[in-house]
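Subject: Structure for you to look at

Hello,

Here is the structure I said I would pass on. Please open it and keep it beside this email as you read.

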Amino acid sequence: MSAYSPIGPVVGIVGAGQLARMSQPPAIALGVELRVLAGNRDESAARVIVDTRVGDYRDLDDLRDFAKGCDVVTFDHEHVPTEHIRALAASGHIVRPGADALVHAQDKAVMRERLSAIDVPCPAWARVSSADDVARFAGEHGWPVVLKAVRGGYDGRGVWVCRTPEEVAEAFASGAELMAEAFVPFERELAVLVARSPHGQGVSYPVVETVQENGICVEVLAPAPDLDPEEAAQAQRIGLRIAEELGVTGLLAVEMFKTARGLVVNELAMRPHNSGHWTIEGATTSQFEQHLRAVLDLPLGSPKMTAQVVVMANLLGGDEPDLFKRYEHVLAHDPGIKLHFYGKQVRPGRKIGHVTALGSNLDEVRARARHAVVYLTTGEYT
């Protein structure tokens, strides 16, 4: 590799997916140099970031080599072994978020234990190692029981909603360490994105509603429609409190259930998050710029919305491998629509991009985003 001399602070991102890729434009504006650790040069961010290093995030030597010369190391996924993150920090590298915080996004049982200890509303839960454990849990909390892989699950993977004892076997057949949660009869799903810097400055974006299909987020509505202002403020307070209690540096996404009895925290992520992609056009400071500011301990930017309503719709792969030929219709039909493609090979059900629409009327904005997604994936009009 030829010599490469950065001229600004270097932020190393472990992982080269779409989150690292979408961090490049704000990095350019901030004068920040990005370095990514990719498994191969075909990955999403590796296609657009000059300083790409190829290595294995599970290999401590690769991580150490990657971190040399970085002003700070951060992540676009939660899968780096916790002990490796601790070793990097012990070697003098600045890692944000640190291992003590990030473990709560890596290990769902650790997360539940900590959130319960600080009185954050969570579902009833327990560690389980057998079908008998699950049956005892169901005897106390009822069926269905939600079984989750303690580590590694995402986008509906590693989650089993078991309505009968017979369905439990499939989860244990996965070989994953499991925990059980009581099923939450929710009205809708919400998410709040907050940022916290090392010296303790915190900001919260507006609460959004996320729409899920088959465990995958397909749509985000900002702000969450018809949400009581006090409940929205409560969700933001919960997010900021978790960030402070866990010592988060960078972004924290808190996924929640809205129930008849109030808010219940479901999942955490400590990085830019799918529920925040709308902020690229829809907020004064995008989540990607905000994360860079936070991990570099720069003053945080305004999370204020740039429009009354913003709708982000995920673009999932279908049977058409080449979507570029469909751009013309979408862009001509709606010059205000914004398209983001992740540089990934198209596969059915895979997140390959998203579209964002802004406006003042939710039904209208939602229809515009839906039209773009449906046409790009199917070639059909809505």
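Below are notes on the cavities and on one serine.

The model is predicted, so local features need pLDDT of at least 70 and side-chain atom pairs count only at pLDDT 80 or more, while totals for chains, interfaces and linings use all residues. Residues are numbered from 1 along each chain as its sequence is written, and side-chain values use heavy atoms, with hydrogens and water left out.

Ser204 lies in strand S10, residues 202–204 (strands are DSSP runs of type E with at least two residues, numbered from the N terminus). Ser204 is buried, at a relative accessible area of 15% (buried means under 20%, with a 1.4 Å probe and protein chains only). Beyond its neighbours within four places in sequence, Ser204 is in contact with residues including Val192, Leu193 and Pro303 (contact means heavy atoms within 4.5 Å).

The whole structure has two cavities of 30 Å³ or more (a cavity is a set of points on a 1 Å grid over the protein atoms alone where a 1.4 Å probe fits but cannot get out; lining residues have an atom within 4 Å of a point). A volume is the space filled by probe spheres set on the points.

The largest cavity holds about 50 Å³. Its lining includes Ile13, Phe75, Asp76 and His291.

The second largest cavity has about 30 Å³. Among its lining residues are Val192, Leu193, Tyr205 and Trp278. Strand S9, residues 188–196, gives the most to this lining, with three residues.

Regards

Conventions:
Helix = DSSP H or I, 4+ residues; strand = E, 2+ residues; numbered from the N terminus. Buried < 20%, exposed > 50% of the residue type's maximum accessible area, 1.4 Å probe, protein only. 1 Å grid on protein atoms, 1.4 Å probe; cavity = no way out; pocket = protein on both sides within 12 Å on 5 of 7 lines; lining within 4 Å.
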